[in-house]
Amino acid sequence: RLNGLLSRMRTVLEREKTFTADFSHEMRTPVAGLRSTLEVGLSRERTPTEYRELLKESLDMSLGLQSLTETMLTLRRLESGATQPRATRFPVAELVAEVAASLADAADGRGMTLKVTLEPDLVVFTDRALLELAVRNLLGNAVAHGRSDGDILVCGNNSEDGVTLNFSNPCDHCSQEDATALRARFRRGDSSRSADDNHFGLGLALVDAIAQILGFQADIMVTDANVFVVRLLFSDS
């Protein structure tokens, strides 16, 4: 029993150590960027318009820091078991449509269209708030990293295995190995992007954590036609 207790304590300590290291590493760049922007802005007198641009840029960086902090804390609560699911039965099409509507402008800005083709009677039994967080991360990633001339599609069906939801979007030069590696924290498909766009490479790690808590299956694949697909399977719906 003592060995088991020590083993669990070691696991908790390692998890805390990893979280602290990850959080510190990812915060370093945006904090340095914000400081540099403010120092440059204060280096000489500027016009009111230039000050407004400086404040806008600083605000965007601050919002990025806030988003990163909230995402990391959510991931930490999920992994530690501090967040307990509250399952209800609800039509999943309504949830996906709401999230898609909130991202429509961002998708349009990249020349993309969000298309949701889910039957109204497609029902799942799970925690609505956590599933919404997973869907928002999946669609947000697709908008930010998908090929700009392609559509983001969400479809699903009800079978003997349960309810299946498919999230897909065209991608460029992404292999199955690359797609699988994106499950790791802070792993970005496009290394040229930075935390300035409020995407930190945490989306799929967060989806994995939610899947483990809610008990659904999350699979990632890339088709021969260069389409990035995330499939969620709810076996108890």
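View 1. At 34% relative accessibility, D60 is partly exposed. All views come from a predicted model. D60 pairs with K56 in a salt bridge, and their closest N and O atoms are 2.9 Å apart. Both residues sit in helix α2, separated by four residues, about one turn of the helix. K56 is partly exposed too, with a relative accessible area of 47%. A search of the whole structure gives eight salt bridges.

View 2. The side chains of E94 and R128 form a salt bridge, 3.9 Å from N to O. This pair connects distant parts of the chain: E94 belongs to helix α3 and R128 to helix α5, 34 residues apart. E94 has a relative accessible area of 45%, so it counts as partly exposed. For R128 the value is 25%, again partly exposed.

**View 3. R128 and E132 within α5.** R128 also bridges to E132, with the closest N and O atoms 3.8 Å apart. Both lie in helix α5, four residues apart, about one turn of the helix. In general, an α-helix has 3.6 residues a turn, so residues three or four places apart point the same way. E132 is partly exposed, at 25% relative accessibility. Through shared partners, salt bridges join E94, E98, R128, E132 and R136 into one network.

**View 4. The buried face of α3.** Helix α3 has V92, A93, L95, V96, V99 and A100 buried. Seen down the helix axis, the buried residues of α3 fall within an arc of 160°, so they line one face.

**View 5. The largest nonpolar core.** This core holds 45 residues, and L131, L139, L165, F216 and L232 touch the most other members. At least two residues each come from α2 (48-80), α3 (92-102), α5 (128-145), β4 (152-159), β5 (162-170), α7 (203-214), β6 (217-222) and β7 (227-234). Helix α5 gives the largest share, eight residues. Which residues does L139 touch, not counting those up to four places away in sequence? They are V99, A100, L103, L114, I152, V154 and F167. A second core, separate and of six residues, includes M27, L34, L65 and L68. As a general rule, nonpolar side chains in soluble globular proteins tend to be buried together.

**View 6. T164 in strand β5.** T164 is placed in strand β5. Is T164 buried or exposed? It is buried, with a relative accessible area of 11%. Leaving out residues up to four places away in sequence, T164 touches C155, G156, N157, R231, L232 and L233.

**View 7. The loop at G111.** G111 is in the loop between α4 (104-109) and β2 (114-117). Beyond its neighbours within four places in sequence, G111 contacts S148, D149 and G150. G111 and D149 are 38 residues apart in sequence, yet their C-alpha atoms are 5.9 Å apart in space.

View 8. L5 is in helix α1, residues 2-41. With 38% relative accessibility, L5 is partly exposed.

Key:
Residues numbered from 1 in each chain as written. Predicted model: local features only at pLDDT ≥ 70, side-chain atom pairs only at ≥ 80, totals over all residues. Heavy atoms only, no water. Contact = heavy atoms within 4.5 Å. Core = buried A, V, L, I, M, F, W, Y, C linked by side-chain atoms within 4.5 Å. Buried < 20%, exposed > 50% of the residue type's maximum accessible area, 1.4 Å probe, protein only. Arc of directions from axis to C-beta. Salt bridge = Lys/Arg side-chain N within 4 Å of Asp/Glu carboxyl O.
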